[in-house]
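Please look through the sequence and the 3D view together before reading on. The report is meant to be read with both at hand.

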Amino acid sequence: SFRGHAYGPDHVMYLGENLVLRKRFAFVAMISGVLLAGCGGGGGGSDGSSQSPNTVDGVWTGTDPVSGLALIGMIDQSGKFDFIRSDGVIYVGTATATGNSVSASFDGYPPVGQTFSDGSPDGVGSLSGTFSRHESIAATVQFTTEAGTSSSGTLSLSFSTEYGGDPSLAAISGNYTDKSSGDVISVTSSGAVSWQDPITGCVGSGTVNVVTPNFWGDNLYQVELSYENCQGQAAVLNGGQFSGFATLNTTVSPAQAIVGVTGQAAGHPMYALSFTLNRT
């Protein structure tokens with residue numbers, strides 16, 4: 001299994017395995033929503049010339065105005081997103097854009113075994129603001145925990161050039177190592193994913209697919225993962241089917257894949273997992 005999480009000085013997030021208990025599956029909108037906002041955009045060429053300007057797709061970095069912690073967000077052209085905070089809190093959701101305005105509602109969840117500062121296991125929020133496609137997002141964010149603690153702030157996000165370029169299976173394929181657990185994850189040229197954790201016994205498998213080929217700047221991949229044979233505390237993952245996004249940063253050495261997925265195992269609540277893998 002994947003464990004640990006941290007952020008580098010250049011918004012390069014290191015996220016080991018973070019299981020995030022969730023009753024629902026929608027909060028990263030906090031910043032995700034604001035970015036992804038809506039219109040899917042056309043297939044477009046690699047320069048993005050035929051893509052709709054009314055989208056907030058791409059990979060974004062910034063600071064969570066509620067906690068002051070670093071954020072990295074992945075948003076596809078349909079508005080779905082995955083935003084991961086440096087302490088393991090995850091926000092997921094969908095946003096809507098009209099003109100240069102964006103709005104979203106979202107839910108948020110802390111890592112498994114943890115709560116927000118007032119003891120809440122989750123919270124809900126909303127945001128509204130403006131964006132400049134593939135440049136910046138500015139929005140007012142309001143968040144309220146289940147226990148009723150409310151906070152607000154101004155969110156500023158920047159389009160990440162580190163995660164730009166065209167996604168492809170050739171680019172994402174290779175072997176990766178989880179810095180926290182030491183697990184070796186294999187991604188084949190056809191997008192098949194596999195690994196085994198000798199400590200938890202977990203056997204993982206899945207697939208990686210390009211979200212939208214030749215969509216410049218949206219270096220995003222759709223990820224599907226499943227877990228079996230997990231022992232101990234990790235046994236809650238057995239039978240789990242998880243889906244989400246991944247992105248690849250080739251401007252650092254070694255190249256780094258960041259992944260965020262959510263899903264549910266039979267008889268257990270919703271979970272979110274986020275981690276960073278270094279290519280070997």
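The sections below go through parts of this predicted model one by one.

## The closed barrel

Eight strands form a closed barrel in the order β11-β12-β13-β14-β15-β16-β17-β18, and their pairing is antiparallel. Neighbouring strands of this sheet are turned against each other by 30 degrees on average, when direction is ignored. As background, strands of a sheet pair through backbone hydrogen bonds, and they may do so in a parallel or an antiparallel way.

## A cavity and its lining

Rolling a probe the size of a water molecule over the atoms shows where empty space is left. In this structure there is one cavity of 30 Å³ or more, and the volume of the largest cavity is about 130 Å³.

Which residues lie nearest the centre of the largest cavity? They are V187, V193, V208, V259 and L277, out of 13 residues that line the cavity. The strands β12 (184-187), β15 (220-228), β17 (256-264) and β18 each supply at least two residues of this lining. Sorted by class, the lining has 13 nonpolar residues, no polar residues and no charged residues.

## The disulfide

A search of the whole structure finds one disulfide, and this link joins C202 to C230 with a distance of 2.0 Å from S to S. The angle about the S-S bond is 125 degrees, and the link of C202 and C230 is right-handed. C202 lies in the loop between β13 (192-196) and β14 (203-210), while C230 lies in the loop between β15 and β16 (241-249), so the pair ties together parts that are 28 residues apart in sequence. Both C202 and C230 are buried.

## Strand β3 and its partners

Strand β3, residues 58-63, is mostly covered, since five of its six residues are buried. With strand β4, residues 70-75, β3 pairs in the antiparallel sense over six bridges, and in this pairing G62 has L71 of β4 as its bridge partner. The two strands form a hairpin with six residues between them, and G68 in the turn has a positive phi of about 80 degrees.

β3 is also joined to strand β10, residues 150-159, by three bridges, and these two strands run antiparallel. Here the bridge partner of T61 is S158 in β10.

## Single residues to look at

Two residues have a positive phi although neither is a glycine: H134 at about 60 degrees and N229 at about 65 degrees. H134 lies in the loop between β8 (123-132) and β9 (136-145), and H134 is buried, with a relative accessible area of 15%. N229 is placed in the loop between β15 and β16, and N229 counts as partly exposed at 47% relative accessibility.

A cis peptide bond, with omega of about 0 degrees, joins S253 and P254, and P254 belongs to the loop between β16 and β17.

Y109 and Y91 are 18 residues apart in sequence, and their C-alpha atoms are 6.8 Å apart in space.

Note on methods. Residues numbered from 1 in each chain as written. Predicted model: local features only at pLDDT ≥ 70, side-chain atom pairs only at ≥ 80, totals over all residues. Heavy atoms only, no water. Pairing = 2+ DSSP bridges. Helix = DSSP H or I, 4+ residues; strand = E, 2+ residues; numbered from the N terminus. Axes fitted to C-alpha atoms, helices over the stretch in contact; angles between N-to-C directions. 1 Å grid on protein atoms, 1.4 Å probe; cavity = no way out; pocket = protein on both sides within 12 Å on 5 of 7 lines; lining within 4 Å. Points joined across faces, edges and corners; volume = space filled by probe spheres on them. Nonpolar A, V, L, I, M, F, W, Y, C, P; charged D, E, K, R; others polar. Disulfide = S-S within 2.5 Å. Buried < 20%, exposed > 50% of the residue type's maximum accessible area, 1.4 Å probe, protein only.
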